[in-house]
Every structure is written in structure tokens, then in C-alpha cells.
Amino acid sequence: MHGYDLSNFKNGKAFIHFDGVINGKCDYGPRICINTKGEKLFELPDRDMIVNEFEDEDIAFVMGNEGKYAIMNNKGEFVTDFIYSRFYGGSEEGLWEANRNGKHGHIDINGKEVVPCMYDDGCYFSEGVAAEYLNGKCGMVDCFNRTIIPFEYEEICICKNNLINAKKNGKYGLINKNNEVVVDFQYDEIDCWCTRECTVYPTRIGDMWGLIDRYNNVIEDFI
């Protein structure tokens, strides 16, 4: 016997399974969930299922034999079928990005697709909206899949402090969640990552970079 494979404890639970050799033959025992006392809580129905650890929301993403994923709750019950190719990007709204049949959407911890997997790509929720891509255009939807920002942009970033970095007709500007233009579309680039975290924004005109604020005041010249 070589030993056991134990995942990290999270929310007081971890997954463990035997990984070793008995009588000269490989033998992978059932994967079980235990508590911090080592007590068995439940066993996965198939020992070949792969699962790492529970997420912060006390759910686990389990990969089945066909390489597809399902969501399992903390009782060992599957709340979705094994139909997803990926889960990622949990949000402050308690929603996870999901990919099914090559399409992007969002799913809650109960397994409900609150935003159906119908988009070509997308991003996680922030301040109640998520960027989605459809037929070569970008827009934003809320957690009821209602269109908040119309699908008329070439690129769009997440919402931070009611400010969204967007690209239209080859130029970048800033809009808010009402689709009102805050900074006109006049720049060759506005750093997307910084618009998430900062109050001033690295901005490019041609080969020159400067800094603007959300009112389009130049904080640092384009030199």
C-alpha cells in the first residue's frame, strides 16, 4: 500500500481516496468525503470521478468519466448533470461562469443556469452585470439575462464603480451601466485591468501614453 490522496480541507471537508498497490496490482479505492475528524460523510458513486476540493460556496465541481463536469452539493448530491466542460470565475453574486457545448453562461449553486449557456464568450459578474459576447459583438446582461448594455461594442470590460471600458468603431471610451458615454470614444487604448482597480486610467493616443480620470481630465500628459 502506497498511501492516500487527500485534498485540502475547505469548509470542514476534504476528499480522500486510496492510491496504491495491493498484491502487486494497482488499486484505486472509492473517493470519499470526510470531515476534520476523519469521519466519512459520503462516497462518490464512481471511484473514477475526479474532484479537488469544495469551493467557498460549499459546492464541488466533479469531473465524470466522459471528461464533463457536474456540480455537487455538500451532501454529495449532484445538482446538475455531467454536461459542462468548465466552471470558473465565481462572483460576488454567488454565480459561476459555465461552459456547455462551447457556449458561455452563468450558473448558481443550486445548478440553475440563471444566464443560459448561449453566448460565445463572457466574463464574471461585477456590480450586477456581466460582459457577454454574441455574434462578434459585446454587451452586458444582468443575473436575469436581461440586456443592460446593448450588443453594439467591439470590446467591453467588467463594471467597476459604475464604469465600463468599451471599444466602439475602433476607439476606446468609458460608459456607465445606463449605457451613457462618460469618456468619449477617442482613445487607441484604455488599460482594461486598471479600469477595474484604479481611479485614474492609463490611456494611449498613437504611441504615447498618459493618464486620465473618469471625467476625462488629463492627469499625466501623453508623452
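**Figure 1. Salt-bridge network of Lys-10, Glu-53 and Asp-56.** Salt bridges link Lys-10, Glu-53 and Asp-56 in a network. A salt bridge is a side-chain nitrogen of Lys or Arg within 4 Å of a carboxyl oxygen of Asp or Glu. The model is predicted: local features need pLDDT of at least 70, side-chain atom pairs count only at pLDDT 80 or more, and totals for chains, interfaces and linings use all residues. Residues are numbered from 1 along each chain as its sequence is written, and side-chain values use heavy atoms, with hydrogens and water left out. Strands (E, at least two residues) and helices (H or I, at least four) are DSSP runs, numbered from the N terminus. Lys-10 counts as partly exposed because its relative accessibility is 23%. Asp-56 is exposed, at 60%. The classes are buried under 20% relative accessible area, exposed over 50%, and partly exposed in between (1.4 Å probe, protein chains only).

Figure 2. The side chains of Asp-58 and Lys-13 form a salt bridge at 2.9 Å, N to O. Asp-58 lies in the loop between β6 and β7 and Lys-13 in strand β2, so the pair ties together parts 45 residues apart in sequence. Asp-58 is buried, with a relative accessible area of 18%. Lys-13 is buried too, at 9% relative accessibility. The charged end of Lys-13 also sits over the ring of Phe-54, 4.9 Å from its centre. A charge sits over a ring if NZ of Lys or CZ of Arg is within 6 Å of the ring centre and within 35 degrees of the ring normal.

**Figure 3. Salt bridge between Glu-43 and Lys-40.** The side chains of Glu-43 and Lys-40 meet at 2.9 Å, N to O. Glu-43 counts as partly exposed because its relative accessibility is 40%. Side chains of opposite charge can pair when their charged atoms come close. The whole structure holds eleven salt bridges.

**Figure 4. Aromatic pair of Phe-61 and Trp-96.** The structure holds nine aromatic pairs. In this one, the ring centres of Phe-61 and Trp-96 are 5.0 Å apart and the planes stand at 85 degrees, so the pair is edge-to-face. Rings of Phe, Tyr and Trp (its six-membered ring) pair if their centres lie within 6.5 Å; planes under 30 degrees apart count as stacked, over 60 as edge-to-face and the rest as tilted. Phe-61 is in strand β7 (residues 60-63) and Trp-96 in strand β10 (residues 96-100). The pair links distant parts of the chain, 35 residues apart. Phe-61 is buried, at 12% relative accessibility. Trp-96 is buried, at 8%. Phe-61 and Trp-96 form one aromatic cluster with Tyr-84 and Phe-87.

**Figure 5. Tilted pair of Phe-78 and Phe-82.** The rings of Phe-78 and Phe-82 lie 5.1 Å apart, centre to centre, with 55 degrees between the planes. That makes the aromatic pair tilted. Phe-78 is partly exposed, at 27% relative accessibility. Phe-82 is also partly exposed, at 29%.

**Figure 6. Arg-86 over the ring of Tyr-88.** Arg-86 lies over the face of Tyr-88. The distance to the ring centre is 3.9 Å.

**Figure 7. Surroundings of Gly-94.** Gly-94 is in the loop between β9 (86-88) and β10. Gly-94 is partly exposed, with a relative accessible area of 22%. Leaving out residues up to four places away in sequence, Gly-94 touches Ile-107, Asp-108 and Ile-109. Contact means heavy atoms within 4.5 Å. Phe-9 is 85 residues from Gly-94 along the chain, and their C-alpha atoms are separated by 21 Å.

**Figure 8. Context for the close-ups: the whole protein.** The secondary structure comes to one helix and 24 strands. The C-alpha atoms fill a box of roughly 75 × 35 × 30 Å, taken along the principal axes. Buried residues make up 42% of the 223 residues. Of the contacts with a separation of 6 or more, 25% join residues 24 or more positions apart.
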